[in-house]
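Student: I keep meeting labels for parts of a structure. Can we go through where they come from?

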Amino acid sequence: MRRTSLPAVVGLVTLSVGVLAGCTDNRPADAGDARSLDVVSTADGCELSATKAPAGNLRFSVRNDGSEVTEFYLLASDGLRIVAEIENIGPGLTRDLVVTAPEGDYVTACKPGMKGEGIRDDFAVTPSDEDVTASGDDKVLVDQANKNYAAYVQDQSAQLLDQTTRFVALYTAGKDDEARELYPVARQHWERIETVAESFGDLDPKMDAREADLEPGQRWTGWHLIEKDLWPQRAKGYEPLTRAERSTYADDLLANTQTLDDRVQDLTYSVDQIANGSRGLLDEVATGKVTGEEEYWSRTDLWDFQANVDGARVAFEGVQPIVEKNDEVLATQIAERFDALQALLDEHKDGDGFVAYDQLTTEQVKALSDAVNALSEPLSRLAAATV
Amino acid sequence: MGEERRGISRRGLIGGGAALGVGAAAVGFGAGRATAVETERAGAAAAYSLYGAHQPGIVTPVQDRLHFATFDVTTDSRAALVDMLRAWTDAAARMMHGDGAGPSGPTSGDYDAPPDDTGEAIDLPPSRLTLTFGFGASLFDDRFGLSGRRPAALDPLPHFPGDNLRPERSEGDLCVQACADDPQVAVHAIRNLARIGFGTVGMRWSQLGFGKTSTTIRDEATPRNLFGFKDGTMNVKSDDRDALADHVWVGEDADQPWMAGGSYLVARRITMTIETWDRQSLREQERVVGRTKSEGAPLSGGVERDQPDFERAGREGKPLVDPAAHVRIAHPDHNGGVQMLRRGYNLVDGSSDIGRMDAGLFFLAYVVDPTTHFVPVQMRLSTLDDMQEYVQHTGSGLFAIPPGVRRGEYVGQGLFSA
């Protein structure tokens with residue numbers, strides 16, 4: 001469950017392959033570095049501090065001195081293929097575009113007003129000692145990654161619907177032992193695609209809100225309400241739900257799960273979203289699972305932990321071929337750290353599942369937290385390495 | 001991209017754009033001095049160099065603020081550890097210079113990736129930041145093939161009477177001392193080093209200090225600790241070469257050659273029960289310390305920097321400096337002449353669950369050998385010093401501080417090279 005509501009992002013953003021970077025900055029380019037260039041964009045001008053640079057990591061500091069929003073492009077010599085671009089530079093702002101450029105002829109363009117051909121000029125990247133390889137055409141890999149991830153989300157959603165159907169049947173029938181057994185198993189499918197599910201800002205609070213997350217006046221429904229009813233031991237003076245109440249909440253959860261499943265059928269993804277989703281799932285682990293806050297009543301946090309890691313790993317492996325081309329060291333490091341985290345999680349396996357969170361010692365929680373940090377840090381650079 | 005590549009230079013920003021390459025304007029002291037002030041610039045804009053015969057942050061004039069952290073290595077890979085030390089060295093050189101932790105800096109680099117610096121030090125001057133790195137005894141086990149390189153002086157400190165050490169505030173495979181005149185600059189340094197270390201090390205504990213309690217400069221007024229007394233009057237001074245050679249720097253004849261030019265750091269988190277202390281009469285407070293509260297003069301007379309006369313008696317023949325006074329128990333004359341270079345900090349970590357201030361002193365002392373220069377002194381203090389009534393040691397760490405870094409090397413390289 002997200003603690004702050006964010007607008008749905010899935011399926012909205014499209015990024016051109018080849019965009020490497022850009023950012024806000026107010027510092028003049030370094031005069032001593034031939035790879036740092038100043039660009040001044042005005043209503044009728046696009047002035048670069050140099051017309052050439054040695055091959056390597058180039059930084060264009062683009063300052064918008066015009067009165068309209070501008071863009072800056074580095075184009076291939078054909079003037080068509082976009083090598084890198086930086087958009088949405090407001091009047092008065094300076095943004096950096098960082099791009100790894102091999103030797104060759106290029107065209108630069110400022111686009112004040114974000115329309116038309118732009119103000120163009122030739123630009124040369126001269127040979128240098130730096131080992132620079134151009135990023136290839138990843139379109140096939142990108143399409144494959146997007147298709148695979150959509151299929152994964154649909155599959156998990158279908159299993160979630162199936163297991164939730166069984167779970168609410170057991171719960172409403174008063175078969176509490178069986179319901180308790182199925183609870184963490186069913187929720188795995190939610191946790192594996194949690195970042196996607198959360199992007200539906202209307203469904204997430206109805207399905208996955210914890211009692212402590214509720215806003216004044218918000219009615220509590222969903223998984224965690226049922227969790228508390230099944231594991232009331234830590235709740236002082238808890239009044240169990242009646243049969244009728246159980247039915248109401250069970251029907252509500254199932255209906256929302258059906259809605260979720262309907263919606264994911266139409267979702268499409270981009271590789272940076274998949275990559276950011278991978279990081280997002282690890283963020284979920286860091287904020288809610290490793291601290292034992294998510295499953296306060298059932299203490300099944302490690303099941304959720306594992307499911308978040310599963311989902312993050314699938315997302316990473318989906319974009320791995322692209323990242324291996326762009327940044328092999330990063331890809332290797334992430335893969336190794338997934339392994340290390342999984343090895344640590346395996347130590348807490350109990351049969352098909354996991355030991356209860358309250359059986360972990362402080363040292364064991366710290367070791368898990370260290371491993372999450374170790375993985376999350378390179379994972380935070382994954383999205384940038386996919387484009 | 002090498003270490004020379006810079007992002008935003010904070011020093012450049014505040015210094016009117018006169019940014020210089022890393023160490024480009026180093027005004028070196030004579031050989032044997034630990035640090036070189038990079039520029040003549042005074043005050044907050046001043047920056048120290050990472051490079052030199054000794055690490056910075058030892059004889060460097062004590063800055064106002066501290067963030068000290070220890071880390072445990074979380075990998076078994078020696079290569080990964082060395083890579084991280086290299087990355088720490090590069091980042092330390094940049095940050096001490098006033099630049100970001102990484103080559104791109106806090107507001108540049110790839111727009112779709114997190115910046116390689118966290119940004120809270122943007123627009124802050126270098127603030128005389130120093131970063132000092134050390135190795136704890138636990139690093140010298142079988143994990144990294146270092147067991148044969150463990151100096152004898154890293155033997156664990158004994159239990160001292162009254163110790164109440166908490167493991168989560170003690171020891172660690174590595175330590176980093178960040179000192180700066182601005183607390184945000186010190187915290188920024190530790191935060192960014194921790195971030196670089198993820199996957200190789202995890203933070204074990206850390207401690208903030210908000211006010212220096214010692215000076216290593218002769219002309220500087222002696223600062224006060226939370227007992228309200230001047231502390232460190234007798235401290236080793238940075239221009240006293242003989243004292244540094246005898247009491248602080250490890251010599252060429254060290255049992256482990258990689259430690260030559262290094263030192264040993266003893267860190268002790270000392271809790272003060274200040275509420276009780278504050279109820280003592282001025283007479284009692286001065287008796288316990290052995291000095292006047294106003295000027296810090298020894299109770300035997302004179303001014304602050306005068307040596308105490310432990311024999312001088314008053315009425316009824318009682319010595320003016322009490323037999324159990326802190327200054328008497330700790331004085332070099334009663335400890336075989338040993339001295340420590342202290343650079344401790346006052347601390348207040350909020351309050352306890354029963355409403356007492358969690359206050360005290362984070363004691364940091366650099367010595368040539370803790371077995372001769374710390375253990376016997378602390379044993380005397382723990383058993384004889386009346387000040388023990390008001391303090392409790394709640395954390396402890398002992399670290400080997402390798403010598404200074406030469407350009408192109410990484411900190412502690414001698415330990416890892418054949």
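What follows is a talk about labels and the values behind them.

Tutor: This is a predicted model, where local features need pLDDT of at least 70, side-chain atom pairs count only at pLDDT 80 or more, and totals for chains, interfaces and linings use all residues. Residues are numbered from 1 along each chain as its sequence is written, while chains are lettered from A and ligands numbered from 1 in the order in which they are written.

Student: How many helices and strands are there in chain A?

Tutor: Chain A has eleven helices and twelve strands. Helices (H or I, at least four residues) and strands (E, at least two) are DSSP runs, numbered from the N terminus. For chain B the tally is ten helices and ten strands.

Student: Which domains is chain A divided into?

Tutor: Domain 1 covers 23-126 and domain 2 covers 139-386. Such bounds come from an automatic or database domain assignment. The C-alpha centres of the two domains of chain A are 42 Å apart.

Student: What makes B:Gly136 count as buried?

Tutor: Start with the rule. A residue is buried if 20 or more other C-beta atoms, placed from the backbone, lie within 10 Å of its own; 12 or fewer makes it exposed, and in between is partly exposed. B:Gly136 has 22 C-beta neighbours inside 10 Å, so B:Gly136 is buried. B:Gly136 sits in strand 2 (residues 130-136) of chain B.

Student: Which residues is B:Gly136 in contact with, leaving aside its neighbours within four places in sequence?

Tutor: Contact means that the C-beta atoms of two residues, placed from the backbone, lie within 7 Å. The partners of B:Gly136 include B:Thr70, B:Glu171, B:Cys175 and B:Phe399.

Student: Why is B:Glu171 called buried?

Tutor: Count again: B:Glu171 has 23 C-beta neighbours inside 10 Å, and therefore counts as buried. B:Glu171 belongs to the loop between strand 2 and strand 3 (174-180) of chain B. Its phi is near 55°, a positive value in a residue other than glycine.

Student: And what about B:Arg128: buried or exposed?

Tutor: Buried, because B:Arg128 has 26 C-beta neighbours inside 10 Å. B:Arg128 lies in the loop between helix 2 (78-97) and strand 2 of chain B. B:Arg128 is not a glycine, yet has a positive phi of about 55°.

Student: What share of chain B do buried residues make up?

Tutor: They make up 51% of its 418 residues. In chain A, the share is 44% of 387 residues.

Student: What makes A:Pro184 buried?

Tutor: A:Pro184 has 22 C-beta neighbours inside 10 Å, so A:Pro184 counts as buried. A:Pro184 is part of helix 2 (residues 176-192) of chain A. Apart from neighbours within four places in sequence, A:Pro184 touches A:Ser298, A:Thr300, A:Trp303 and A:Gly353.

Student: In which hand does helix 9 of chain A pass helix 10 of chain A?

Tutor: The crossing of helix 9 and helix 10 of chain A is left-handed. Left-handed means the near helix is turned anticlockwise from the far one by less than a right angle; clockwise is right-handed.

Student: How do you know that helix 7 of chain A and helix 10 of chain A are roughly antiparallel?

Tutor: Helix 7 (residues 271-289) and helix 10 of chain A cross at roughly 150°, and their axes come within 10 Å. The two helices of chain A are therefore roughly antiparallel to each other. This crossing of helix 7 and helix 10 of chain A is left-handed. Helix 7 of chain A brings A:Ser278, A:Arg279, A:Leu282, A:Val285 and A:Ala286 to the contact, and helix 10 of chain A brings A:Val372, A:Leu375, A:Ser376 and A:Leu379.

Methods:
Axes fitted to C-alpha atoms, helices over the stretch in contact; angles between N-to-C directions. Parallel < 35°, antiparallel > 145°, perpendicular 65-115°, else oblique.
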